[in-house]
Amino acid sequence: MSRVRSRHAAAGGIDLAVLGLGANGHIAFNEPGVAWDLDTHVVALDERTRQAHRPNFPDEASVPSTGVTMGINTLRSARKVLLLCAGESKREAMAALLSGREDPAWPVTSLLGHSDLVIVAEEA
């Protein structure tokens, strides 16, 4: 067990993970292809993710290329998960989740089978 996961466990675990869904299916910056057994770690952000966040920064050079995120292993250990999905660009990612098949190309599918997953999404 990693040091970070040990600290989470020592604090009683995570009650609620609130996640946004990225257009490429990422959750909490866990990009497609990331190992699902990771705890909190540094990630390289996908170019599509960087561009989605570009409006929040003064110029292209200011948009981060890396971030720190809770890994999928940590997220799946939360007692409750709330997944928020807004925007037409998330349609393909939601379709992957609703297919009911886990697929490393779509990190959001790692939430399938979670005992307390709530999805809040815009109507198509």
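Is D116 buried, partly exposed or exposed? D116 is partly exposed, at a relative accessible area of 25%. The legends below describe a predicted model.

View 1. Buried residues make up 35% of the 124 residues. Of the contacts with a separation of 6 or more, 73% join residues 24 or more positions apart.

**View 2. The salt bridge between K80 and D116.** The closest N and O atoms of the pair are 2.9 Å apart. K80 belongs to strand β4, whereas D116 sits in the loop between α4 (91–98) and β5 (117–121), 36 residues away. K80 is partly exposed, with a relative accessible area of 44%.

**View 3. The salt bridge between D15 and R79.** Here the closest N and O atoms lie 2.7 Å apart. The pair links distant parts of the chain, 64 residues apart: D15 is in the loop between α1 (3–10) and β1 (16–20), and R79 is in the loop between α3 (72–76) and β4 (80–85). R79 is partly exposed, at 43% relative accessible area.

**View 4. The salt bridge between E88 and R91.** The N to O distance is 3.1 Å. E88 counts as exposed at 55% relative accessibility, while R91 counts as partly exposed at 45%.

Methods. Residues numbered from 1 in each chain as written. Predicted model: local features only at pLDDT ≥ 70, side-chain atom pairs only at ≥ 80, totals over all residues. Heavy atoms only, no water. Buried < 20%, exposed > 50% of the residue type's maximum accessible area, 1.4 Å probe, protein only. Contact = heavy atoms within 4.5 Å. Salt bridge = Lys/Arg side-chain N within 4 Å of Asp/Glu carboxyl O. Helix = DSSP H or I, 4+ residues; strand = E, 2+ residues; numbered from the N terminus.
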